[in-house]
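Please look over the sequence and the structure below, and then follow the explanation as it moves from a pair of helices to the strands.

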Amino acid sequence: MRQRLACLAILLAAATVAGAQEQDFSKVEIKTTQLGPNLYLLQGGAGGNITASVGADGVLLVDNQFAPLADKIRAALKGLGADKPVRYVINTHYHYDHTDGNLTFAQAGATLFAQDNLRTRLSTGGTAGNGGSITREIKPVEPGALPQVTFDQVLTVHLNGEDVRAVHYPNAHTDGDSIVYFPQANAVAMGDIYVRYGFPFIDINAGGTVQGMIAACEDVLRLVHPDVKIVPGHGELSNVEELRTYLKMLQDTSAAVAGALKAGKTLAQMKQERILGAWSERYSPPKAFVDTDAFTETLYNSLRTTHTARHGGPRRPVK
Ligand SMILES: [Zn+2]
């Protein structure tokens, strides 16, 4: 059996901590929060948040956590009125704390959807990391866990009175991210482009960049209603005001590192001078997964690399 740790965040942090332990999934409880008439947030354990559309047309999940939690997720869905197996799954990105349930849900009949690059990442595996101190090997998944349907830019699934729209944002948390909009319920699931555990992990090794994270957050803020319910990849349900603060943090810290790069400073100097300033206190709590040094590395690696890939850019409204 493959070793499973609490979540990619903790797994990666464990690289520096001796005696990392497997999470005891038997103790995990799935908490549900209603977001709209047919839409729910499912949370539990240390995996990524799940957004679920539950109604007469069946169940659609955005992300699916760890495989050992699948039965608990199914029980929670039943409690919300689901009477059939999960019909559709959309993956926001390839990290296994969001996709590990793919195989079990697919075997039970679900169709898996994802952006093209995500499928490639799942099939090849690789070394996730920030290009610096945070790295971890990710194994390729079994063929049955791969999305059967992939898309380049936008996918729309019509069910339960909702036009569920997955939109690809290039080179953000990874190179295969999607943000999923639920226009009728006035909600959006952002995957790990928006997290609430502190400075975000950006998988530079898998094509992530802070520029793409910023472009994606700006686009969401441009497209959504002011009272939209925002589901982050990890952490509690959020809103526009909190997302704006997070975006400002990404912009300010990026600007600090870009300025230091321009001034010819080395990464070591940037760390020593703690150039991320006051944002560190707020976004790098004690024992942070991505502490100030790790986030400085992330920004440094992101900003000094010349990416040929597309970044953000204007999009047509999707709501
Ligand atoms: Zn992730």
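In this predicted model, helices α6 and α7 are roughly antiparallel to each other, because the angle at which they pack is about 150° and angles over 145 degrees count as roughly antiparallel. Helix α6 covers residues 210-223 and helix α7 covers residues 240-262, and their axes lie 10 Å apart. Where the two helices meet, α6 passes α7 in a left-handed crossing. On the side of α6, the contact is made by V210, M213, I214, C217, E218, V220 and L221, while α7 contributes V240, L243, R244, Y246, L247, L250, Q251 and S254.

From the helices we can turn to the strands. In general, the strands of a sheet pair through backbone hydrogen bonds, and they do so in either a parallel or an antiparallel way. The model has an open sheet of seven strands, whose order is β1-β2-β3-β4-β5-β6-β9 and whose pairing is mixed. The edges of this sheet are formed by β1 (31-36) and β9 (149-151), each of which pairs on one side only. From one strand to the next, the twist averages 20°.

Within this order, strand β2 (residues 39-43) and strand β3 (residues 50-55) run antiparallel and are joined by four bridges. To find one of the paired positions, the reader may look at L41, whose bridge partner in β3 is T51.

Strand β10 (residues 154-159) pairs with β11 in the antiparallel sense over six bridges, and V154 has V167 as its bridge partner in β11. The hairpin of β10 and β11 has two residues between the strands, and in this hairpin N160 takes a positive phi near 55°. β11 also pairs in the antiparallel sense with strand β12 (residues 177-182), this time over five bridges, and R165 has Y181 as its bridge partner in β12.

How many of the eight residues of strand β11 are buried? Seven of the eight residues of β11 (residues 162-169) are buried, so this strand is largely enclosed by the rest of the structure.

Terms used: Residues are numbered from 1 along each chain as its sequence is written. This is a predicted model: local features need pLDDT of at least 70, side-chain atom pairs count only at pLDDT 80 or more; totals for chains, interfaces and linings use all residues. Side-chain values use heavy atoms; hydrogens and water are left out. Axes are lines fitted to C-alpha atoms, for helices over the stretch in contact, and angles run from 0 to 180 degrees between N-to-C directions. Angles under 35 degrees count as roughly parallel, over 145 as roughly antiparallel, 65 to 115 as roughly perpendicular and the rest as oblique. A crossing is left-handed if the near helix is turned anticlockwise from the far one by less than a right angle, and right-handed if clockwise. Contact means heavy atoms within 4.5 Å. Two strands pair if DSSP finds at least two bridges between them. Buried means under 20% relative accessible area, exposed over 50%, partly exposed in between (1.4 Å probe, protein chains only).
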